[in-house]
Amino acid sequence: MEARIQALGSDMQKIKKQIRLLMEENDKLREELARAYGQAGDSTPARGGLKNLWDLYQQGFHICNVHFGRIRTTECLFCEAFWDREREGGR
């Protein structure tokens, strides 16, 4: 019984650590989004937004609508298609 309680305590610590990491990631993503939308008042808002999306992509985050904001570990066909479409003028 005592071993089970210790195991549960260990699991709880792992979960707390994971929550803290996810909260930090969320804060970082919110800051990135705030910067992206904060430049919406520029004379060229679409290009500023595209630059921010490109920056996010280069930093290793998804920019596609399927996985937006998640950490990208490999190339993503959805992100690539989104980026190609936006570079061509959003058609």
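1. Contact here means heavy atoms within 4.5 Å. By that rule, and leaving out residues up to four places away in sequence, Arg-72 touches Tyr-57, Gln-58, Gly-60, Phe-61 and His-62. This is a predicted model, in which local features need pLDDT of at least 70 and side-chain atom pairs count only at pLDDT 80 or more, while totals for chains, interfaces and linings use all residues. Residues are numbered from 1 along each chain as its sequence is written, and side-chain values use heavy atoms, with hydrogens and water left out.

2. Overall make-up. The protein has three helices and zero strands, and from the N terminus on its elements run α-α-α. Helices (H or I, at least four residues) and strands (E, at least two) are DSSP runs, numbered from the N terminus. Among contacts with a separation of 6 or more, 27% are between residues 24 or more positions apart.

3. Surface and burial. The accessible surface of the protein comes to about 7100 Å², and carbon and sulfur atoms hold 56% of it. Accessible areas come from the Shrake-Rupley method with a 1.4 Å probe, and for residues only the protein chains shown count as cover. Of the 91 residues in the protein, 22% are buried. The classes are buried (under 20% relative accessible area), exposed (over 50%) and partly exposed (in between), with a 1.4 Å probe and protein chains only.

4. Nonpolar core. A nonpolar core is a set of buried Ala, Val, Leu, Ile, Met, Phe, Trp, Tyr and Cys residues joined through side-chain atoms within 4.5 Å. The largest one has twelve residues: Leu-29, Leu-50, Leu-53, Leu-56, Tyr-57, Phe-61, Ile-63, Cys-64, Cys-76, Cys-79, Phe-82 and Trp-83. Two elements give two or more residues to this core, helix 2 (45-58) and helix 3 (77-87). Helix 2 supplies the largest share, four residues. In soluble globular proteins, nonpolar side chains tend to be buried together.

5. Leu-50 lies in helix 2 and counts as buried because its relative accessibility is 10%. Not counting residues up to four places away in sequence, Leu-50 touches Trp-83 and Glu-86. With the same exclusion of residues up to four places away, Leu-29 touches Phe-61 and Gly-69.

6. Ala-36 is in helix 1 and is buried, with a relative accessible area of 17%. For Ala-36 and Leu-50, 14 residues apart along the chain, the C-alpha separation is 8.7 Å. Glu-32 is also found in helix 1. At 11% relative accessibility Glu-32 counts as buried, and beyond residues up to four places away in sequence it touches Leu-56 and Gln-59.

7. Arg-72. This residue sits in the loop between helix 2 and helix 3. Its relative accessible area is 14%, so Arg-72 is classed as buried. A polar atom of the Arg-72 side chain lies 2.4 Å from the backbone oxygen of Tyr-57. A polar contact is a pair of N or O atoms within 3.5 Å; within protein, one must be able to donate a hydrogen and the other to accept it, and residues adjacent in sequence count only if both atoms are side-chain atoms.

8. Salt bridges. A salt bridge is a side-chain nitrogen of Lys or Arg within 4 Å of a carboxyl oxygen of Asp or Glu. By this rule there are two. Arg-72 pairs with Glu-75, with the closest N and O atoms 3.8 Å apart; Glu-75 is exposed at 57% relative accessibility. Lys-51 pairs with Asp-55, the closest N and O atoms being 3.0 Å apart. Lys-51 and Asp-55 are four residues apart in helix 2, so about one helical turn separates them. Asp-55 is partly exposed, with a relative accessible area of 24%. Side chains of opposite charge can pair when their charged atoms come close.

9. Surface patch. Ile-15, Ile-19 and Met-23 form a nonpolar patch on the surface, with about 290 Å² of accessible area together. Patches are made of residues with over 30% relative accessible area and no salt bridge; like charges are joined within 9 Å, and nonpolar side chains (Val, Leu, Ile, Met, Phe, Trp, Tyr) within 5 Å. Ile-19 is found in helix 1 (residues 2-38) and counts as partly exposed at 42% relative accessibility.
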